[in-house]
Amino acid sequence: MRRVNCGNAPQSRDGAIMQIQLNGEPHRLEPEATLATLIESLGLGGRRIAIEVNEEIVPRSLHAETPLSDGDRVEVVHAIGGG
Amino acid sequence: MSSAPHDSPLIVAGRRFASRLLVGTGKYRDFDETATAIEASGADVVTFAVRRTNLGQNPDEANLLDAIPPSRYTLLPNTAGCYTAKDAVRTCRLARELLDGHNLVKLEVLGDEKTLYPNVTETLAAAETLVNDGFDVMVYTSDDPIVAKELEKRGCCAVMPLGSLIGSGNGLLNPATLALILEHAEVPVLVDAGIGTASDAALAMEMGCDGVLMNSAIAHAKQPVLMASAMRKAIEAGREAFLAERMPRRASASPSSPFAGRINA
């Protein structure tokens, strides 16, 4: 996988592949990806998850209209056993 | 989920719960065992953790919230694993999104991995931020009556001192400080952490605690479902004993059978 320094990466331009940090790992995205397309591509559509982009919650109702940009830090979380 | 005669339900932030036993979902063999044990415990409030989703692995993987449906239980997301106020606040906001706006959370901000002892300065800061952001905060804390009061002043809806270290099963190591917290608290006080067996839970309730939260004591018993049932009874027995008000202790004996009418008199 092509490595990009996310912190200094320029904003994606037309046709350029973007790279985000997804749960702490680099992840490549097609241009014009939204949160909704990312979730679908991960096979997580319809799952009970919550999402943060750059440390801000993005409500489920806004996933489809939230574009992703090069260097975005995305967290996808769910419920697990704990006390 | 029966209540003791004349008892009132546990009320936390305006929510009413018949059971005073709150349970976690960690450390079980599988979700079947989790669901069966929690059912046997009679608990209404069930805690869980928030973690990164494993991506690209088995999309059909079972979901904890299928075993513990939010329609049946009051879910209490925790901030376990957070060592800063900032991480704890982020985790609570993620949990609120995960549960469609449900705002009851268990705040815990830890000091180090060896003791999992609460970091009270970070806990106080997180509590203030969360309360201002509209959360109902049940807070795990040390068994320090001053800190408990400070958390209450910041608007926490329940204070949850440890009985002993998380996952240690050492019971109530300092009943005297727990008694001080109970004496001054104006919000529900629940023991959270350290319970090892049924008598520990009963003792907490006999002292007047409003409830007990536990995970390992059930999940790490050799027979978790049986222990869950034992804990349910211990909580109810302890609560009833508290309400009944125990007899005074005496230094000398006092016969239960009358002296009068003995055949050797």
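Two strands pair if DSSP finds at least two bridges between them. Keep that in mind, because we will count bridges throughout. One caution first: this is a predicted model.

Let's start inside chain B. Strand β6 of chain B and strand β7, residues 136-141 of chain B, pair in the parallel sense. Four bridges join β6(B) and β7(B). B:Leu107 has B:Val139 in β7(B) as its bridge partner.

Now widen the view. How many strands does this sheet have, and in what order? There are three, in the order β6-β7-β8 of chain B. The sheet is open, and the pairing is parallel. Its edge strands are β6, residues 104-107, and β8, residues 158-161, both of chain B. Each edge strand pairs on one side only. On average, neighbouring strands of this sheet are turned by 20° against each other, with direction ignored.

Next, chain A. Look at strand β5 of chain A. Strand β1, residues 18-22 of chain A, pairs with β5(A) in the parallel sense over two bridges. There, A:Gln21 stands opposite A:Arg73. Strand β3, residues 50-53 of chain A, also pairs with β5(A). That pairing is antiparallel, over four bridges. In it, A:Ile51 stands opposite A:Val76.

And β5(A) does something else. Which strand of chain B is joined to β5(A)? It is β4(B). Five bridges join β5(A), residues 73-81, to β4(B), and the two run antiparallel. You can check two positions. A:Ile80 stands opposite B:Ala49. A:Ala79 has B:Val50 as its bridge partner. So strand pairing crosses from one chain to the other, because five bridges pass the mark of at least two.

That brings us to the interface as a whole. In general, the size of an interface is often given as the accessible area lost when the parts come together. Here, chain B and chain A bury about 2500 Å² between them. Carbon and sulfur atoms account for 53% of that area. As for contacts, 30 residues of chain B touch 26 residues of chain A.

Now the polar side. The rule finds 19 residue pairs in polar contact across this interface, both residues at pLDDT 80 or more. Which elements of chain B give two or more residues to the side that touches chain A? They are β4 (45-52), α2 (64-67) and α3 (85-98). What kinds of residue make up that side of chain B? Eleven are nonpolar, eight are polar and eleven are charged.

Last topic: salt bridges. Six of them lie across the interface of chain B and chain A. Take two examples. B:Arg52 forms a salt bridge with A:Glu75, with the closest N and O atoms 2.7 Å apart. B:Asp100 forms a salt bridge with A:Arg60, and there the closest N and O atoms are 2.5 Å apart. B:Asp100 sits in the loop between α3 and β6 of chain B. A:Arg60 sits in the loop between β4 (56-57) and β5 of chain A.

To recap: β5(A) and β4(B) pair antiparallel between the chains, and six salt bridges cross the interface.

Conventions. Residues numbered from 1 in each chain as written. Chains lettered and ligands numbered in written order. Predicted model: local features only at pLDDT ≥ 70, side-chain atom pairs only at ≥ 80, totals over all residues. Heavy atoms only, no water. Contact = heavy atoms within 4.5 Å. Buried area = accessible area lost by both parts, 1.4 Å probe. Salt bridge = Lys/Arg side-chain N within 4 Å of Asp/Glu carboxyl O. Polar contact = N/O pair within 3.5 Å; in protein donor to acceptor, adjacent residues only side chain to side chain. Nonpolar A, V, L, I, M, F, W, Y, C, P; charged D, E, K, R; others polar. Axes fitted to C-alpha atoms, helices over the stretch in contact; angles between N-to-C directions.
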